[in-house]
Amino acid sequence: MHTVFLFPGQGSQRHDMFQPYQGTKHFELIKQLVEDELQEDVNQYTADFSSTRHVQLALLIVGVSSSKQLVDAGIRPDCVAGHSAGAYSAAVLSEVLTLKDAIRLVDLRGRLMEQAFPSGYGMIAVQGLDLNVVVQVINAHQDDVYLANENAQQQVVLSGSNTSLRAIRHTLKEKGARRVIPLSVTVPSHSPLFTKEADQLRNAMKNITIRAPKLPYVSNQTARLLRNKEAIVEDLAGNIASTVKWHTSMKMLTERGIMNFIQLPPGSIYSDLLEGAFEGIQALSVEALSVDYILQLVQKE
Amino acid sequence: MSSVSRPEHLDLFEKGIADRLDFSFSGPQSTRIAQMIEDEEIKVGNIHTYIELYGRLFIDLIPNVALVAADQADANGNLYTGANTEETPTIVEATAFKNGIVIVQVNQIVEELPRVDIPASWVDVIVLGDEPYQLEALFTRDPKHITEIQILMAMLAIRGVYEKHSVQSLNHGIGFNTAAIELLLPTYGESLNLRGKICKHWAANPHPTLIPAIESGWIDSIHSFGGEKGMEQYIAARPDVFFVGSDGTMRSNRTLCQMAGQYAVDLFIGSTLQMDYVGNSSTVVRGRLAGFGGAPNMGHDPKGRRHSTKAWLDMKNPDDDLIRGRKLVVQMMETHQPGNRPVFVEQLDAIAVANEAKLDTPPVMIYGEDVTHLVTEEGVAYLYKSDSPAERKEAIAAVAGVTELGLTSTPRQKQRLREQGIIATTDDLEIDVKKANRSLLAAKSIEELVMWSDSLYDPPEKFRSYWT
């Protein structure tokens, strides 16, 4: 096992993210499919990011088009990992979900998240404080604050009500956090506040045909490599209600001998996080490097 | 299996080929092994000290089949294992003499071996590998990354422990803290006029950072657990210091070196990720089960020791007529890990990990009762002098800095502990803090280590990439 594809989640979106793929084979196919299924113009997704549904659908479109383009160019992953909403793109590439089902599920996921918490909730990023110390602070805290993402050993995201997040901010600073940054997100993703919505997604997934993965899939919830289709579907449905164990997943992949971590667009935050975090790996951003160059680097291994 | 270090080792369990594991070290697979234990894909017998595991190979874990690697075999099946002999003879002996089957992967089959490390009559099957077995530089620490705090702590250790007790023989692990000590011997150590008085005999891997001390005449002998990539030619040129065969290459032996490090040296020094308030320490933290390497063997007092040295006798209980010394077990670490994580914790994660993984005993690396000294950037705590658990905790707190434990220590307590000689600060030890900077390192880069070695040290590629 040498190569993994990393699919970004929310936070990586950019208004021009479709631009490099306009007119390419996979993008146009997916665009058509989305427009047929949902009866709407995909360009509104990248125009208006105030809707999480828009953002998630845009990420699916770019994640799937860009990864299929890489595969066509001869860059084949040995496994796939998607961060939060990015997991749906990963599931499409591993062929657990059809693209059509993924579109419907991401659309539903977006709707459920928008309906659930109209206001008063959010997320904060905490930098420069060890993950274990943050967990201690959360456990000692009375209010509803949850560990949403462990992105790196010293970079995590918390979810909760704005009041609780304001209250915990002070303690985190006191314990030595370098920065505590409110994110422009209006929902408490990856927390038990989404248990009901996770159940609704589970129900929706009962009615679709799922297939055995062609590529092993990295679980958001458990940081395990999954080869079983039921476990993958459970991860897709349940991940909005539990912590994304991204850092542990990356560590697990390095221990399995993965050397090439290829981040798909948009952005480069996941490949940036890996730089310096692990020895002896290549963290490559598709957005920053040409496909030919990536192919060269991957074949060198 | 003493060291779980390759993905394939755990794949055996994932594929259901194996299900029970007794081991010592799993650093390179620490996350995955923790996951697999939690998922019950692996049943752990025990996490052993090395010598304990090697011992059990002859008692109740006798191998039926052993799979080992060697550099070369001859037509008769004799093996050359060279610098990387490590525990191979122990495993092969336990297998071959109790009806087991010994299967060896070799890099090469040759007419004549440089020397015989394992005789043919102990070997059943030889397989010629299609590529050489993997060998990585594990003990090389680039001096470039040594910080000024580490240099200050190294000064505290040299002055407050090594010099104070005239430490003659010792083990160093692989951390940057101890690399800093090694690189301060020819500079700071020399300025204290300590050459020939401390650090003469070592049970240690051939760390490249030892080169300046060797070249400056500090070191009489080094016996090693294993080899180190890039050090081959340098070692061949220094048979006066290293254990080298008549063929000119080093012979390592992990079993014997661990035993030497346990029984025959004055001092063990190491670092930890967590220490509780009475001095128990562990590198096992939640979600990561790394095992311990050599620390638990060498980091404890072997109570059967008889031979005496000044350092050993310094640890004796002055009220005991049966004069018995103790091994010096030194823990050396900064009070905070990166990300402001305090090293000092009320309870070790190891206790929760043992519960989750259903282990009989928590994986403690070094037990508090064995720790004689603690060195942090705040000073040295002479824990062997404390005579109650409460005083021990006070002494640890006094050097615990701005951690929850450290903040319990009052200025009055600290003053009393200093007067009793239970703790010592840089002032007490007359250390000039201003001198604690990188210019004090005998070598500040890998390149300078190469120069010290007269170009005999040949660093692996990954340490060369910085060169211009």
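## Between the domains of chain A

No salt bridges are counted between domain 1 of chain A and domain 2 of chain A. Eight residue pairs there are in polar contact. On the side of domain 1 that touches domain 2, helix α10 (residues 246-255) of chain A gives the most, with three residues. That side of domain 1 divides into five nonpolar residues, six polar and one charged. The model is predicted.

Domain 1 covers 2-116 + 191-300 of chain A, and domain 2 covers 121-183. Twelve residues from each domain take part in the contact. The C-alpha centres of the two domains are 25 Å apart.

## Area between the domains

The two domains of chain A bury about 1,000 Å² between them. Carbon and sulfur atoms give 59% of that area. L193(A), H247(A) and L273(A) supply 47% of what domain 1 buries against domain 2, more than any other three residues.

## Chain A against chain B

The contact between the chains takes 20 residues from chain A and 19 residues from chain B. About 1,500 Å² is buried, 37% of it on carbon and sulfur atoms. In chain A, R224(A), E255(A) and R256(A) lose the most area to chain B, together 41% of what that side buries.

## Polar and charged links between the chains

Seven salt bridges are counted between chain A and chain B. D130(A) forms a salt bridge with R341(B), with the closest N and O atoms 3.4 Å apart. The count of residue pairs in polar contact is 15.

Helix α10(A) brings four residues to the side of chain A that touches chain B, the largest share. This side of chain A divides into four nonpolar residues, eight polar and eight charged.

Note on methods: Residues are numbered from 1 along each chain as its sequence is written. Chains are lettered from A and ligands numbered from 1 in the order in which they are written. This is a predicted model: local features need pLDDT of at least 70, side-chain atom pairs count only at pLDDT 80 or more; totals for chains, interfaces and linings use all residues. Side-chain values use heavy atoms; hydrogens and water are left out. Domain bounds come from an automatic or database domain assignment. Contact means heavy atoms within 4.5 Å. Buried area is the accessible area (1.4 Å probe) that two parts lose on being put together, summed over both. A salt bridge is a side-chain nitrogen of Lys or Arg within 4 Å of a carboxyl oxygen of Asp or Glu. A polar contact is a pair of N or O atoms within 3.5 Å; within protein, one must be able to donate a hydrogen and the other to accept it, and residues adjacent in sequence count only if both atoms are side-chain atoms. Helices (H or I, at least four residues) and strands (E, at least two) are DSSP runs, numbered from the N terminus. Ala, Val, Leu, Ile, Met, Phe, Trp, Tyr, Cys and Pro count as nonpolar, Asp, Glu, Lys and Arg as charged, and the others, Gly among them, as polar.
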